[in-house]
There are 2 protein chains.
Amino acid sequence: MSLTVVGSVAFDALETPFGKRDRVLGGAATHFGLSASFFTQVNAVGVVGGDFGDEEWAVFKRHAINTDDIEIVADGKTFFWQGRYDYDMNTAHTLDTQLNVFETFDPKLSDNSKKAEFLFLANILPMLQKGVREQMPDTKFVAMDTMNFWISSMKDAVVETIKVVDCIIINDAEARQLTEEPSIHRAAKKIMEMGPKAVVIKRGEYGATLFTKDGYFVVPAYPLESVFDPTGAGDTFAGGFMGYLASQGAVDDEVLRRTMVYGSVMASFNVEKFGTERVDALEYNEINERFKAFKTMTHFDDIPFERAVTA
Amino acid sequence: MSLTVVGSVAFDALETPFGKRDRVLGGAATHFGLSASFFTQVNAVGVVGGDFGDEEWAVFKRHAINTDDIEIVADGKTFFWQGRYDYDMNTAHTLDTQLNVFETFDPKLSDNSKKAEFLFLANILPMLQKGVREQMPDTKFVAMDTMNFWISSMKDAVVETIKVVDCIIINDAEARQLTEEPSIHRAAKKIMEMGPKAVVIKRGEYGATLFTKDGYFVVPAYPLESVFDPTGAGDTFAGGFMGYLASQGAVDDEVLRRTMVYGSVMASFNVEKFGTERVDALEYNEINERFKAFKTMTHFDDIPFERAVTA
């Protein structure tokens, strides 16, 4: 099974309490693609400028990501984002955003990308997400991300896109904003009423929750004493989630639970170093070791209580 | 195995967005005792005034809680607390506190209470907690609670008490305040260095985490769409935790994991109605049904990933 992702490819300048980088490879399609590449074959759809160099292409190549649909605008510059995190690593402070070639991004999907059974619509303009989805009517499973900016400026368009996907993967603040419900349980129900059969709500250091029509599954975050750089953690989660799902073929409750765990596993690696550094250098056995650690930290024996003392 | 709890017995006046009560039975020893009584035999140590009536005693009696060590000061009044919760049910706004007979509370333990193998020191003056612990030197397992007020006003005394217990059960804000560590993982490590072999950190709607020298276990909160009244949830958690632990006798990693879940099960019932109403009326089968629900919402199959596609 193959997996297509549509989203940004970028350069990031990052500053955290633990260090600083002036230019690292970033973007949603990049973080998602690297993460998913450990599980399945990935096609990336995006756009870059002439400043996108051999070093950057090599990262995609190392992970056998198909970059045929990453358009190159030779006289343009790649999307650039500059951000800072303080000790509260949950909030990114944007210092500079230069959309550059991304401003007029119009995703063009080759037949190969369109043939993928799984599709992830990373955070881009909701109308573009919907357009891509319509180009792939026979896809087995489509998931999307979005962000607060689109929800506040064009909520109707966001909802129109939500209607045509199988799954949405967003954070708790976005779920509340979208539905105007303080409870994430009610928020998830409202989103499912719009169409999706699965809603994944990411809760940062508290982990992530999967809501489906007949179930509810919670996975905690991996206990990292220090989060080094959270940029791309959400996309890396989505990459592990969709990548594992594509590798399994069947989309059922048991598989979806494990997709949540593999998503959390991949996100926990991403934040250990700057940009793509950690996931780029990841080994397979590390993934299964950490998956095992998630099992250890959540497992308990299903032994009902039997009272020895009578009242 | 029997379990002794030392703490407040009170009347509460409560106001939440869902209703109001002028006088309900409350207090840490009450919530703890009711919860633990489903699992083991409980001795409650506390003090009440002459206003404590038949209706209140009947609640303890219904749950076979030994109240011999609840002192009655006939010409005094029972501890009274008045609080309000807004939609953010995580924060209680105290409107009135009348310590009354609790102000000069000096726990007196009968031989029967002292003989218990398990002891819970609910939130009272840290020097009193330590005094009780010293009266029970042979106890198998001692856990304690504390609160922000004692940590800020007499941290040294709190630490002296922590040194002589096996386990501390506190919320995340208290753990951070006590250790001056923003990360709860480092906070838990620092607390273990003070003495306890187990640290339980309660995280409200995000569940609870158990730290031990060689392990880490996370349990989510039960997904309640509406929390009706959170008063006593922490003590009800501790009651389920210590009650189940006492019922099992052995204190090992496998049992401690289930104590975390039974604690969470009991707390999830407590918040469904005002005061002790819900737990007082609880049936055994409801406990095991909800325990099962916790298993369902956290279980995933431990299947390592094997890559079908090669890079």
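Predicted model: local features only at pLDDT ≥ 70, side-chain atom pairs only at ≥ 80, totals over all residues.
**The interface**

Next, select the residues in contact between the chains: 51 residues come from chain A and 51 residues from chain B. Together the chains bury about 4700 Å², of which 54% lies on carbon and sulfur atoms. Highlight A:Glu225, A:Phe300 and A:Phe305, which supply 18% of the area that chain A buries against chain B, more than any other three residues.

Then turn to the polar features of this contact. Between chain A and chain B there are 18 residue pairs in polar contact, and six salt bridges cross the interface. Colour chain A by secondary structure: the elements that each supply at least two residues of the side touching chain B include α7 (172–179), α8 (184–194), β13 (215–219) and α10 (253–270). Select α12(A) in particular, as this helix gives the most to that side, with nine residues. By class, the side of chain A that touches chain B has 24 nonpolar, 12 polar and 15 charged residues.

**A salt bridge between the chains**

Select A:Asp301 and B:Arg258, whose side chains meet in a salt bridge at 4.0 Å, N to O. The pair runs from the segment after α12 of chain A to helix α10 (residues 253–270) of chain B. Which of the two partners is buried, and which partly exposed? A:Asp301 is partly exposed, at a relative accessible area of 28%, whereas B:Arg258 is buried, at 5%. For the counterpart, select B:Asp301 and A:Arg258, which form a salt bridge with their closest N and O atoms 4.0 Å apart.

**Salt bridges within a chain**

Over all chains the structure holds 34 salt bridges. In chain B, select B:Lys108 and B:Glu71, a salt bridge of 3.3 Å, N to O. B:Lys108 lies in the loop between β7 (92–98) and α3 (111–114), and B:Glu71 in strand β5 (residues 66–73), so the pair ties together parts 37 residues apart in sequence. B:Glu71 is partly exposed, at 32%.

Proceed to B:Lys190 and B:Glu181, a salt bridge with the closest N and O atoms 3.6 Å apart. Here B:Lys190 is partly exposed, at 35%, while B:Glu181 is buried, at 15%. Finish in chain A with A:Glu272, A:Arg278, A:Glu286 and A:Arg290, which salt bridges with shared partners join into one network.

Technical notes:
Residues numbered from 1 in each chain as written. Chains lettered and ligands numbered in written order. Heavy atoms only, no water. Contact = heavy atoms within 4.5 Å. Buried area = accessible area lost by both parts, 1.4 Å probe. Polar contact = N/O pair within 3.5 Å; in protein donor to acceptor, adjacent residues only side chain to side chain. Helix = DSSP H or I, 4+ residues; strand = E, 2+ residues; numbered from the N terminus. Nonpolar A, V, L, I, M, F, W, Y, C, P; charged D, E, K, R; others polar. Buried < 20%, exposed > 50% of the residue type's maximum accessible area, 1.4 Å probe, protein only.
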